[in-house]
Amino acid sequence: ALRAMESTPRKRLRPLSDDPAQRKRQLEAWICGNRFQLDKVERLLTQRWQEPTLFGEQRQLCDKVLQVMRRVLGGESAESKSLLLLGEAGSGKTQAVDWCLQKLKEENKNIITLRARGDLYASNVECLRHLAQQIAGQLMTVPQSTGSFEGSMEWFRCILKESFQRDSAVVIVLDRFEHFCGMARQTLLYNLFNLAQDLSVRLCIVGVSEKFDVTCQLEKRILSRFSMEYLFAFLPRDAKELTQVLECKLTLPEDAPGFTTSFVYDFNQRIAEAIAARLPQWMQDIELGRKPTWFLWQCLPVVGFLRRALGDAPEATKQRTLGEDAQRRRLFLRGLAECEHLVLLSLFRQRAAKVRSLSTVLFELLRLVECNGKVLAGHTEESLSAAFFRLISYKLVAFSPVSNSDVSTRYRPCESEVDEEYRQWVEDMAKKQSAMLHNPLKDLPEAVQSWLRTE
């Protein structure tokens, strides 16, 4: 009935005024006029965030994963019955899998889902037993805890084949896939992939990992015999991708129950305006690789987000952003790992040198590790190099332009973008009474602090 009354086309909301006082009055008038509806929105969105399978912000990725699963479980002839989903932490891999599984269960209630997380098991047998227990709930017999892997695998295979006779299909999700690659001779992976190739079963194996090079860890016997499809998930890389993620989280569907079409249209338009107003302040965070959840928390509660993003005049917001950027970068620096602090400290100590590079950083830090082996033994050339390139991706270190393109990355000149912050922290270290509320360098090992004092 609510929608039947709204047969006339909707008009776009009037843009908010650039005058600060008028802008706030317009926004407050809209919020007050819809306060009961907005309360319902807050409750509805909270429920949606608690159930990630209800929607997926990366629909393109979800559709691709679902397409592979449907092809395998539908009994279609396919060379590959396995899928590897690779991506950074927080990029939406698990949510995409959950969303697809929910869709599959809506189509076929008999689908069985088995899950295993690689870093929780000490052996192949322990993981297989856990998988078996997930489908053995009402069975009279289960693998004995002292049984062999071969015996447990045969029992597992028989149970799966029995379930397929009842028109069932199975999806096995292997999270932290890289840990399965580290198990003895990768026996579990080999047997699962071999089972998936059996034409008499409908089994799809989905591996999930944050390691993009995880396939390099697979044994040749697996790579040569079994083929896998690869899909990649990425964190938002630009303003457009972030906008798509946030709008999916924050906007209402057109047919949202309990809301008029007029309100849904107006609310979604205000959300789009608020996100657009905030994007200039978030550009550095996007470049730093912030997870979508970090941006989402900046948008809660929704009414407060609308007031913060739209209630201020654009110029006032721009001026406040300058100070917020410096504060945000300091907060980010405090959260860096020890190895990343070591790289930035080495670059800071070399600030007067003619050339700073990865080579000069490694030379200095490996000498430090050698002199303090027990304390800094975990830092190797590989881990320090990885930290250096992470800092490049964070935009905290930048390569200097070079005229000779043949210069290798190891020797290419570079600059630290945060020398000033580290200068203040190092100077504070020398004071008897710190003037800073928190200095992250004081959390470093004493050997590193002594190294800083020898500059």
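Which residue forms a salt bridge with Glu415, and how far apart are the closest N and O atoms? The legends below take up this pair and several other close-up views of the structure, which is a predicted model.

**View 1. A salt bridge between Glu415 and Arg356.** In this predicted model, Glu415 forms its salt bridge with Arg356, and the closest N and O atoms of the pair are 2.5 Å apart. Glu415 belongs to strand β7 (residues 414–416), whereas Arg356 sits in the loop between α15 (338–349) and α16 (358–371), so the pair ties together parts that are 59 residues apart in sequence. The two partners can also be described by their accessibility: Glu415 is partly exposed, with a relative accessible area of 36%, while Arg356, at 5% relative accessibility, counts as buried. A search of the whole structure finds 17 salt bridges, and the pair of Glu415 and Arg356 is a salt bridge of this kind.

View 2. An α-helix has 3.6 residues a turn, so residues three or four places apart point the same way. Arg423 has a relative accessible area of 29% and is partly exposed, and Glu420 likewise counts as partly exposed, at 39% relative accessibility.

**View 3. A salt-bridge network made up of Arg117, Asp119 and Arg176.** Salt bridges that share partners join Arg117, Asp119 and Arg176 into one network. Within it, the side chains of Arg117 and Asp119 meet in a salt bridge, at 2.8 Å from N to O. Arg117 counts as partly exposed at 33% relative accessibility, and Asp119, with a relative accessible area of 31%, is partly exposed as well.

**View 4. Helix α5 (residues 124–135) and its buried residues.** This helix of twelve residues reaches 18 Å from its first C-alpha to its last, which is close to the 16 Å expected at 1.5 Å a residue. The buried residues of α5 are Asn124, Val125, Cys127, Leu128, Arg129, Leu131, Ala132 and Ile135.

**View 5. The packing of helix α3 (residues 59–73) with helix α4 (residues 93–107).** The two helices, α3 and α4, pack at an angle of about 45 degrees, with their axes 9 Å apart. That angle makes α3 oblique to α4, and the crossing of α3 and α4 is right-handed. Residues of α3 that take part in the contact include Leu61, Val65, Leu66, Met69 and Leu73, and those of α4 include Val97, Trp99, Leu101 and Leu104.

**View 6. The packing of helix α11 (residues 261–287) with helix α13 (residues 302–310).** Here the angle is about 55 degrees, and the axes of α11 and α13 are 9 Å apart. The helices α11 and α13 are therefore oblique to each other, and their crossing is left-handed. Among the residues of α11 that meet α13 are Phe267, Ile271, Ile275 and Trp282, and among those of α13 are Val302, Phe305, Leu306 and Leu310.

**View 7. Gly378 in the loop between α17 (373–376) and α18 (381–393).** Gly378 is exposed, with a relative accessible area of 63%. The C-alpha atoms of Gly378 and Cys339 are separated by 9.3 Å, although these residues are 39 residues apart along the chain.

How values were computed. Residues numbered from 1 in each chain as written. Predicted model: local features only at pLDDT ≥ 70, side-chain atom pairs only at ≥ 80, totals over all residues. Heavy atoms only, no water. Salt bridge = Lys/Arg side-chain N within 4 Å of Asp/Glu carboxyl O. Buried < 20%, exposed > 50% of the residue type's maximum accessible area, 1.4 Å probe, protein only. Helix = DSSP H or I, 4+ residues; strand = E, 2+ residues; numbered from the N terminus. Expected span 1.5 Å × (residues − 1). Axes fitted to C-alpha atoms, helices over the stretch in contact; angles between N-to-C directions. Parallel < 35°, antiparallel > 145°, perpendicular 65-115°, else oblique. Left-handed = near helix turned anticlockwise from the far one by under 90°. Contact = heavy atoms within 4.5 Å.
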